[in-house]
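Let's work through some salt bridges together. Keep the sequence and the 3D view open while you go.

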Amino acid sequence: MRILHLYYDLMNLYGDYGNVVVLKKHLTDQGLEVEVDKKTLNDEIDFNNYDFIYCGSGTEKNQLIALKDLLKRKDNFVKATDKAVILFTGNAMELLGTSIDDNEALNLVDMKTVSSKDRYTGDVILNNKDFGEVVGFINKCTSITTDKDNSLFTYIFKDNTLNDGEVEGFRFKNCFGTHVIGPVLVKNPNFMKYIVKMFVSDYKEIVYLFEEDSYNVTLKALKERMK
């Protein structure tokens with residue numbers, strides 16, 4: 001199995017590389033042989049060679065640099081969505097919408113991004129109908145207009161500073177996008193398991209105590225703030 005960590009050097013805030021490191025560990029524990037490639041600007045990339053593609057958060061400047069490069073590879077990337085599992089977190093998810101301000105984006109999903117002078121941050125609890133409650137943190141300076149039918153999550157709890165509506169993120173085929181950072185797979189064993197099962201036909205139940213305990217402590221603390 002092959003994993004691609006895309007723009008590992010440009011889009012590398014918040015320790016989100018941990019999504020790739022820990023996902024590889026979980027897949028290896030299931031008996032898969034896993035190879036991780038790191039690719040960035042000007043590298044030769046055939047997205048169709050990968051089973052899982054990940055891109056994390058970057059500065060607003062680096063986001064636009066990554067967007068310019070990814071647009072050159074648009075046809076190849078869109079074709080890869082037919083078979084690959086893809087996860088873009090933080091402002092990387094905005095690359096896959098229709099536009100970022102006046103800049104054309106990949107138009108994979110119906111999602112417009114508009115920059116704001118304000119920064120919106122806060123802890124969240126989200127829910128997905130397939131794998132349940134997710135905890136995390138959002139840090140962004142954009143407003144998103146998107147089709148609710150393609151949303152990945154609904155909000156259960158969010159800090160008052162966040163400007164979103166009732167839904168967050170998107171799913172298109174097996175392409176997932178979310179502003180949640182942290183890293184989201186490491187902090188949410190249920191989401192991690194859901195992704196792993198996409199690659200494993202005979203899944204072995206393995207308990208990762210530190211991941212489970214961290215998730216449960218965070219979820220309990222955030223639910224206390226809801227009262």
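The structure holds 13 salt bridges, where a salt bridge is a side-chain nitrogen of Lys or Arg within 4 Å of a carboxyl oxygen of Asp or Glu. Heads-up: this is a predicted model, so local features need pLDDT of at least 70, side-chain atom pairs count only at pLDDT 80 or more, and totals for chains, interfaces and linings use all residues. Residues are numbered from 1 along each chain as its sequence is written, and side-chain values use heavy atoms, leaving out hydrogens and water.

**Exercise 1.** Find the salt-bridge partner of Arg 119 and say which parts of the chain the pair links.

Step 1: Arg 119 pairs with Glu 60, with 3.3 Å between the closest N and O atoms.
Step 2: Arg 119 lies in strand 7 (residues 111–128) and Glu 60 in helix 2 (residues 60–72), so these are distant parts of the chain, 59 residues apart (helices, H or I, at least four residues, and strands, E, at least two, are DSSP runs numbered from the N terminus).
Step 3: Arg 119 has 43% relative accessibility, so it counts as partly exposed (buried is under 20% relative accessible area, exposed over 50%, partly exposed in between, using a 1.4 Å probe and protein chains only).
Step 4: Glu 60, at 36%, is partly exposed too.

**Exercise 2.** Are Arg 73 and Asp 69 buried or exposed?

Step 1: Their side chains meet in a salt bridge, 2.9 Å from N to O.
Step 2: Both Arg 73 and Asp 69 are buried.
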